[in-house]
Amino acid sequence: MARVRQERAEFTRQAILDGAAIAFDHAGFGGTSLSDVVKHAGVTKGALYFHFPSKQALARTLVDEQFQVSEHVPAIEDPGLQTVIDLTHRMASGLRTNVRIRAGIRLVIEFGSFTDPDPAPYNAWIETCLSCLTPAQERGDVLPTVDVRDLATFLVGSFTGIQVTSHVRTGREDLHARVVDLWNFLLPGIVPTDRLPLFDPAGSADCRRGLEQPTVPPLPRP
């Protein structure tokens, strides 16, 4: 019986997070009320308060969840540059298909752009990229003159700007193509020429199969 209650509680909690994600994705933090969350979640306010004491707590949970695409990186035996490329495409796919990721990213941007900005989500993403770029440089896939921390910081900032622009212009319909552009322009400047053919700006074959995204051809190499 206790297990059934736990399962019901978890089901309710997930429904609340889904409802909050829909509301935040639509109206942002300031434009969302707890009544909006309750309406989208299909629960009572009492149930909401049982799991989350405030709108801020809901928002923080969604912000933390938006990094789920990188949670398996520590388990990858040899993370590297292609890992980072694939992560950007997985995040792009998540933004197009997962309302929780969209809401989390919107909240990150809102919280990082106004009063009392929180750099923690950006720093966490930078560290994830750095954990892949460092061994890539050690094995010779990234030029020794490149500061990989600066590169990781640049990637996070670039992806943030690209996805916002794509959202405004096309509703993120062209996001994967724009991420391919990012890597097509960037790779020749950070990778030794003889190693360029090792990396696919459109994501690895395994990544593309997992995301069921169309292949976007890279620019011709000189």
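Guide: A disulfide is a pair of cysteine sulfur atoms within 2.5 Å. Keep that cut-off in mind for this predicted model.

Visitor: How many disulfides does the structure hold?

Guide: The structure holds zero. Take Cys129: the nearest cysteine sulfur belongs to Cys132 and is 7.0 Å away. A disulfide needs the sulfur atoms within 2.5 Å, so Cys129 is in no disulfide.

Visitor: Why is Cys129 called buried?

Guide: Buried means under 20% relative accessible area. Cys129 has 3% relative accessibility, so Cys129 counts as buried.

Visitor: What makes Cys207 count as buried?

Guide: The relative accessibility of Cys207 is 1%. The cut-off is under 20%. Therefore Cys207 counts as buried.

Visitor: Why does Val38 count as buried?

Guide: Val38 comes out at 16% relative accessibility. Buried means under 20%, so Val38 counts as buried, at 16%.

Visitor: Where does Val38 lie, and which residues does Val38 touch, leaving aside those up to four places away in sequence?

Guide: Val38 lies in helix H2. Leaving out residues up to four places away in sequence, Val38 touches Val43, Thr44, Lys45 and Leu48. Contact here means heavy atoms within 4.5 Å. Val38 and Ile16 are 22 residues apart in sequence. In space, their C-alpha atoms are 7.2 Å apart.

Visitor: How many helices and strands does the protein have?

Guide: The protein has 10 helices and zero strands. Along the sequence, the pattern reads α-α-α-α-α-α-α-α-α-α.

Visitor: Which residues of helix H4 are buried, and what do they pack against?

Guide: Helix H4 spans residues 55-65, and its buried residues are Lys55, Leu58, Ala59, Thr61, Leu62 and Val63. They pack against helices H1, H2, H3, H6 and H7.

Visitor: What makes a set of residues a nonpolar core?

Guide: The residues must be buried, of nonpolar kinds such as Leu, Ile and Trp, and joined through side-chain atoms within 4.5 Å. The largest such core has 35 residues. Those with the most contacts inside this core are Leu81, Leu133, Leu155, Trp183, Leu187 and Ile190. Helices H5, H6, H7, H8 and H9 each supply at least two residues. A second, separate core of 22 residues includes Leu17, Ala41, Val43 and Leu48.

Visitor: Which residues does Leu133 touch, not counting those up to four places away in sequence?

Guide: Leu133 touches Leu81, Val84, Val148, Leu151, Ala152 and Leu155 on that count.

Visitor: What share of the protein's residues is buried?

Guide: Buried residues make up 45% of the 222 residues.

How values were computed. Residues are numbered from 1 along each chain as its sequence is written. This is a predicted model: local features need pLDDT of at least 70, side-chain atom pairs count only at pLDDT 80 or more; totals for chains, interfaces and linings use all residues. Side-chain values use heavy atoms; hydrogens and water are left out. Buried means under 20% relative accessible area, exposed over 50%, partly exposed in between (1.4 Å probe, protein chains only). Helices (H or I, at least four residues) and strands (E, at least two) are DSSP runs, numbered from the N terminus.
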